[in-house]
Structure formats: C-alpha cells, structure tokens
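Please open the model in your viewer and keep the selection tool at hand. The stops below are arranged so that each selection leads on to the next.

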Amino acid sequence: MSGSPMNSKIRGPGRPPKKPVSCTWCNEVKLPLKYVFPTTNGKREFCSETCLAEFRKAYIKGSTCIQCNNVIRNNSSTPNASNKDFCSTYCMNKHQKKEIANRLSGVGASTSVEGSPISFQTFDWCDYIQETNSVAAPQICFRQTASPPINDFKVGMKLEAIDPRNVTSTCIATVISTLGPRLRLRLDGSDNKNDFWRLVDSSEIHTIGHCEKSGGMLQPPLGFRMNASSWPMFLLKTLNGAEMAPSKVFQKEPAGPKVNLFEVGQKLEAVDKKNPHLICCATVGAIKNDQIHVTFDGWKGAFDYWCKYDSRDIFPVGWCAKSGHPLQPPGQKNNTGISRYSFKPAFVPFVPTSTISSVTEVVQSEADTSASSLPPTVINFQRQCNGGSLINPANLPASLENVSMATIQKKFVEQLLYASNQPEDLLVSLRTLIGEDFEINFKGGVHVLQLPKANSVADIETMFSMISETVQCCRNLFSLEEPQGECSLCEIKATARAVKRKFPPEQEPATSTTPASSTATPPAPPPSCNLGKIPIQEWGIEEVIQFIDSTDPCLGVHAELFRKHEIDGKAFLLLNSDMMMKYMGLKLGPALKICNLVLQQHQQILQPKGRMPKKGDSKPRGRMTAYAFFVQTCREEHKKKHPEENVVFAEFSKKCAERWKTMLDKEKKRFHEMAETDKKRYDTEMQSYTPPKGEKQRGKKRKQIKDPNAPKRSLSAFFWFSNDERGKVKAQNPEYGVGDIAKELGRRWADADPEVRSKFEALADKDKIRYEKALAAI
C-alpha cells in the first residue's frame with residue numbers, strides 16, 4: 001500500500017519535502033545544477049555554463065516576463081507584437097485571467113468561493129513553523145543581541161578591519177554599502193572581488209588609530225596591487241581628507257553562550273556564504289561538538305555549511321524583521337512548482353486541460369532550441385609528434401568531439417593536463433595565456449585559466465598556436481584536420497634538438513663557421529657576459545628578468561610580476577620568500593628558487609674579487625645524518641634503475657620518509673654507522689680549521705649581564721590596571737590559568753571606560769618620571 005510506513009520515507013521535523021530539480025534555462029532534470037544566478041525574485045539554478053550565460057544575456061537586456069519574471073526567448077509560440085511581454089502562451093493566458101479577476105473583485109482580493117484564484121502571501125515565520133511542524137531556536141543559543149543594533153555608518157567611511165583572508169593583519173577598509181545592521185567592506189588596496197560583510201557590533205572592526213594604540217601596525221591587504229615599498233605613501237594618501245567613522249557608531253560585541261545549546265531541527269536565519277549579502281531561512285541539520293550544520297530550506301546541499309555555535313553569521317527567527325534586513329524565504333528548486341511564499345503577489349487561475357497540453361508543447365519546444373544543429377567540432381591528436389617536456393603524446397586520445405566550442409575548449413585543456421607528466425608545471429605555463437576565464441576540472445579540483453574565446457574554427461587554430469608556443473611542443477600535435485603521415489615539423493626540430501634555447505645575438509657563444517652535424521655535442525650555454533660586467537646593484541628591471549630567465553627558464557613565466565612590482569637589482573637583493581608569497585602572489589616552490597638565486601648573488605658580492613677561494617681555506621663539509629645517507633642511497637639506486645626518468649624530489653622524499661618509518665632498527669643500523677663515521681670526519685676536520693676573520697661563530701648567545709644598580713623599569717598603564725584587577729579575576733574565576741587570566745585582563749582593559757583608563761595612565765606617567773630621574777642619577 002502506498003500509505004504504509006515501509007514505502008514512504010519519514011522526514012525529520014522542520015524539513016520541507018523535496019521537489020524535482022530542473023535547469024531554469026533548458027528544464028533538464030537529470031543533470032546536477034552547479035551554477036547559480038541571484039535575481040530579485042530569488043536564485044536561479046543551471047546545469048551548465050552555456051545555460052547560465054544565455055540566461056544572463058537575456059536577463060541583463062531586461063526582456064523578462066510580466067507574469068513569472070522569467071526571461072523571454074525568441075520562439076515562434078508568441079509571434080505577435082502584443083505577446084512580446086510574455087515568455088509563453090501559458091503566461092499570457094494566466095495574466096489575462098488575473099486581469100479579469102482583478103476587474104471583477106475590484107481590488108483583486110481572493111475569495112473563499114471554490115474555483116477562485118489563490119493569492120500568494122508574504123513570508124511569515126509563525127505560519128511556516130506551524131506548517132513544517134518545527135521549533136525556532138531560542139535567543140540564548142545565539143551570539144546576537146535581543147534587539148538588533150542600529151546602523152549609523154555612512155557609505156565611504158574609513159575604519160580598521162581584520163583581513164578575512166589573513167586574520168593576523170589589520171587593514172584600512174571602506175564602507176561600500178549598508179544593509180540593516182550589516183556593512184559591506186572593501187580593504188583599501190584590494191579589489192571588489194574580496195569584499196566582505198560585518199555586523200556593526202563586530203569585534204573585527206575598529207576606529208582609525210585603534211591598531212596603533214594597541215601596539216600593532218597597519219598592514220597591506222593580502223594581494224596588495226602595488227609594490228610593498230609604496231604601502232606607507234599609499235596609506236597616507238588614502239587617509240588624507242577621508243571621512244573617519246566616529247567611535248560612537250561602533251558597538252560592543254555581545255557575549256555568546258558558553259556551550260552549544262542548539263538541537264537538530266530547530267529553525268534559524270543564516271547568511272548564505274556563497275552569496276553573503278543574503279540571509280535565508282535555515283534549519284539545524286546536525287550537531288558535532290561545538291559545530292552545527294546549517295541547511296537552507298528548499299535549496300540544494302551545495303549551499304549548506306558547518307559553523308561554530310557562536311558564529312556571528314546565524315541569527316534567531318525574526319531577526320531580519322526586527323532589523324529591517326531582507327529575508328530570503330525557503331527556496332524553490334523547480335520553477336514550475338507553486339510556493340505559498342513569494343516576494344510579489346500573483347494569481348494561479350484554473351487552467352483547462354487543453355491549455356495545459358499547449359503549455360507542455362511550448363516548454364518542450366523551448367528546450368529543443370538550446371540544442372544546436374551545427375556539425376560537431378573535432379580535434380585530432382597526432383601522437384607521433386613531439387610533446388615537449390610537459391606533455392606525453394602517448395597519453396592523449398585519438399580525437400575529441402563536441403558541438404559546443406566552449407565545451408571542447410575545456411575538454412581539450414583537461415586532456416593536456418591528464419597527458420602531462422608534470423601537470424603542475426603545465427598549469428603554471430597555461431596561466432600565462434590571456435582571454436576569458438574558464439573553469440577546468442582536474443583531479444577533483446577546479447582551476448581557473450584564461451583561454452581565448454573561440455567562436456569559429458579560426459579562433460580554435462589561434463588557441464592551438466598560443467598553447468604550442470607556451471608549452472614548447474610541436475604545432476601539429478593537435479589540429480582540426482586528420483593527421484596524414486609523419487610530421488614534417490618534428491623532423492626539422494630533430495636536427496636542432498641539441499640547442500635548448502635561443503639567445504640574443506650579443507649573447508650567442510662563439511662557434512665554428514663549419515655547420516654542425518646532428519651528432520655533434522651540444523654547445524655549452526653562454527655566460528651572461530653583459531650582466532657579469534655590471535654590478536647587480538645597478539641592474540634594471542629587464543636585467544633582473546633576463547638573469548632569472550637565463551638561470552632557470554621555469555621562472556621566466558613570472559616576468560610580468562617583476563615588471564608589475566618594479567623589481568630592479570637593489571630590490572632583488574632584498575627579496576625573501578614571505579614577501580614574494582604575500583605581496584607578489586608566488587607559490588612556495590618558485591619563491592624558494594628565487595631566494596636561492598638571491599643568496600648566490602649575496603655570496604658573490606661578499607666574495608673577494610680577483611681570486612678564487614683556496615681549497616685549504618674552505619670550511620669542512622657539514623656532517624650528514626643517518627636519514628640523509630638513506631635518501632642519498634635510495635636516489636643512487638633509483639638513478640641506476642631509471643637513468644632517463646626526471647625525478648620530482650618532493651614526491652621522492654615523501655616516499656623515502658614513508659619507507660624510513662617502516663624500516664627495522666637492523667636495517668637502519670648501517671646508515672647510523674655511516675653517520676657516526678661522517679661525524680668523526682667532521683670533528684677531525686673542524687679541529688684543524690681556522691675560520692677567517694669576520695666569520696661569525698655558531699653557538700648560544702651570551703646572556704647580557706644585568707646591572708644590579710639599575711633602577712626598576714616603569715610600568716605601562718595596562719600593567720597598573722592588571723595589578724589592580726588580577727585579584728578580582730582570580731576570585732571570580734578560580735579555575736582560570738595564567739593564560740586565561742591574561743586574556744580576561746586584556747578584554748577588560750579594552751572595554752574599560754575612558755575615566756578608568758585615565759586613572760591608570762596617570763599612574764604610568766608618574767612611574768615613568770620616577771624611572772627617568774633614577775636613571776639620570778646613576
């Protein structure tokens with residue numbers, strides 16, 4: 001029986017029933033909806049980028065249906081000019097019946113007569129909780145005030161805020177917009193892609209000058225678009241003449257509950273992390289220790305997230321109504337479904353059977369228009385061609401085929417990554433291309449690359465040329481034509497394969513005028529004669545780029561970064577890994593390589609010119625550990641077995657570490673003996689080694705002897721306050737440790753009134769005068 005408990009799923013309290021999911025544009029129900037476009041009437045979900053792009057174009061033009069607010073596509077179902085305001089005949093008939101009902105009723109109110117139109121209601125929490133048989137989470141569960149704070153901020157005001165992407169940095173931020181008690185902030189020096197929202201009573205925003213008073217320093221935001229050395233001047237120009245947010249508009253953050261009081265199934269209002277300007281109806285889906293799982297009613301699980309029970313992004317039921325912040329009602333996964341809750345009133349009249357059948361035909365015809373009748377585009381791979389150092393042609397398929405140009409572009413790049421022996425290096429090379437953003441799925445991750453937009457076959461050929469030049473592979477490795485025989489370009493390249501790099505004419509090595517045969521030994525790379533004559537301190541930006549590119553070609557892809565940040569010779573000597581990763585956006589690997597080049601240049605500067613260091617003067621080689629001998633032995637064995645294989649040291653070292661952990665003490669014994677022998681060698685050589693003058697000796701620094709007659713240093717206002725309050729904190733919280741007491745004292749000092757602060761500041765000034773007098777008397 002259909003009503004038996006065995007056949008029907010029992011859903012938990014507060015969870016609305018699921019509805020079938022379909023794409024807003026093509027009505028496809030089988031594909032997952034991965035793309036979302038927010039509109040004034042809620043979110044629209046799509047199955048592909050093509051559907052999203054087509055919907056966005058039509059929506060921006062403003063061609064939306066009067067009845068359902070859906071976009072109007074060019075179709076033959078509404079050819080008349082009078083029907084241009086409707087997306088289908090169904091909506092046109094529906095709107096006409098609504099107009100008739102409005103005229104009959106005078107005001108358009110719904111009646112209780114059977115067959116009369118049903119009116120939509122505005123969202124009401126009480127009705128919704130009663131309908132879903134759920135319970136609202138009580139106020140004590142939240143870290144929010146019972147009455148929402150008042151927002152007195154103005155757009156354009158400056159304040160200090162913690163960088164959400166680097167919580168250790170305090171930056172200057174500007175109020176971009178306000179929405180209820182919430183602020184949309186943008187860090188000065190960053191772009192609009194990193195905007196974030198904060199409540200007016202958040203502890204992460206402060207008045208200008210708070211960081212300096214607390215002993216900190218304002219930092220540039222992560223991804224600062226200018227040179228790091230220009231930050232002080234940029235800060236001065238930003239604050240000069242700007243409107244500072246006054247201290248009275250900032251409010252104290254409320255105290256949160258000490259334990260997690262939430263229960264599964266309770267209702268609340270929560271910020272949508274993927275669209276942070278929205279606050280939606282949500283349910284507590286699960287609880288794990290101090291974490292709760294926020295699930296949005298009527299939406300896919302892709303929007304759900306875990307957060308702490310005292311998060312500032314969750315609010316009690318009715319918070320939006322009290323604060324004046326818009327609340328998004330429960331979502332609707334299928335546009336054809338009927339929901340009681342909507343932003344605008346509308347009518348759903350009784351539709352005859354004939355009208356329903358005609359509507360079905362219209363929907364089907366619209367879905368069919370998304371399919372193209374053009375022939376598919378086919379990309380052929382010639383796997384006998386040279387793939388360079390990054391692509392292994394043997395791993396490529398014979399061909400790729402798809403109707404959509406955008407789809408085949410994505411599949412083409414994904415196949416290159418799967419065919420690469422070094423996909424990370426290939427990704428770095430492909431990121432140098434310029435074009436439109438494409439999301440590439442590779443090994444479970446999503447990578448954003450810029451590819452030239454392909455609208456025709458000529459655009460595809462242009463993309464082939466750009467990629468072949470970037471990854472240094474044969475141009476005939478991929479083409480739109482079927483491969484015929486062997487590649488002529490690869491035969492030409494085979495004769496000159498010994499020459500790895502083309503140098504400028506002034507840097508080419510002196511060679512014989514006799515043409516070299518294919519069996520001749522490759523010439524040695526030419527020295528950078530021009531750079532060697534110029535001191536590195538006098539290098540310009542282009543000389544630095546030329547040096548890095550000639551030393552390690554893999555680093556040449558970062559040339560634009562050095563131009564953008566104006567890295568000349570003097571700046572090059574000041575670079576370090578933290579600076580390059582934080583301000584230039586480099587990854588750890590390239591940053592460490594460049595740091596090694598900087599270290600080499602420092603050593604060349606310190607090394608005396610005119611003579612090479614004598615062998616006897618060199619410091620003995622450092623001793624090696626047992627694990628170092630083990631890795632060295634493994635590497636030698638691997639080279640013997642696979643002499644031509646390019647070893648990635650990071651992966652190789654991981655395997656060695658795993659193998660070392662599983663080895664027995666007997667197996668490690670010989671490596672420990674090798675380490676002991678090497679230690680004896682090192683100690684013997686160090687006894688006869690005399691360090692040159694100026695070389696710093698390793699060892700512990702001697703502790704500076706304190707003068708017993710020196711006066712006691714003066715205490716700050718905070719220390720005077722701590723001495724006065726420490727006993728009270730211990731008495732009120734006997735279980736607190738030293739760290740907890742220090743945190744509580746810091747919190748009390750931050751919340752202290754100006755009158756209390758002035759009392760202890762006066763004590764600090766008096767103690768400082770005492771210290772200065774005592775110091776002068778010595």
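Helices (H or I, at least four residues) and strands (E, at least two) are DSSP runs, numbered from the N terminus. This is a predicted model, in which local features need pLDDT of at least 70 and side-chain atom pairs count only at pLDDT 80 or more, while totals for chains, interfaces and linings use all residues. Residues are numbered from 1 along each chain as its sequence is written, and side-chain values use heavy atoms, with hydrogens and water left out.

**Helix α22**

Select residues 738-751, which make up helix α22, and find Arg 747 and Asp 751, which lie four residues apart in this helix, about one turn. They form a salt bridge (a side-chain nitrogen of Lys or Arg within 4 Å of a carboxyl oxygen of Asp or Glu), with the closest N and O atoms 3.2 Å apart. Asp 751 has a relative accessibility of 36% and counts as partly exposed, a class that lies between buried (under 20% relative accessible area) and exposed (over 50%), computed with a 1.4 Å probe on protein chains only. Arg 747 is also partly exposed, at 43%.

**Helix α23**

Move on to residues 754-777, helix α23, where Asp 767 and Arg 770 are three residues apart and therefore separated by about one helical turn. Their side chains meet in a salt bridge of 2.8 Å, N to O; Asp 767 counts as buried at 11% relative accessibility, whereas Arg 770 is partly exposed at 33%.

**The open sheet**

Next, select the five strands in the order β8-β7-β6-β5-β9, which form an open sheet with antiparallel pairing, where two strands pair if DSSP finds at least two bridges between them. The edges are β8 (196-199) and β9 (205-206), each with a single partner strand, so one side of each is left without a neighbour in the sheet. Within the sheet, six bridges join β5 (158-163) to β6 (166-179), and the bridge partner of Lys 158 in β6 is Thr 174.

**The largest nonpolar core**

Finally, which residues have the most contacts inside the largest nonpolar core? Select Ile 379, Ile 391, Phe 412, Leu 416, Leu 430, Ile 467 and Phe 478, in a core of 35 residues; a nonpolar core is a set of buried Ala, Val, Leu, Ile, Met, Phe, Trp, Tyr and Cys residues joined through side-chain atoms within 4.5 Å. Helix α8 gives the largest share of this core, six residues.
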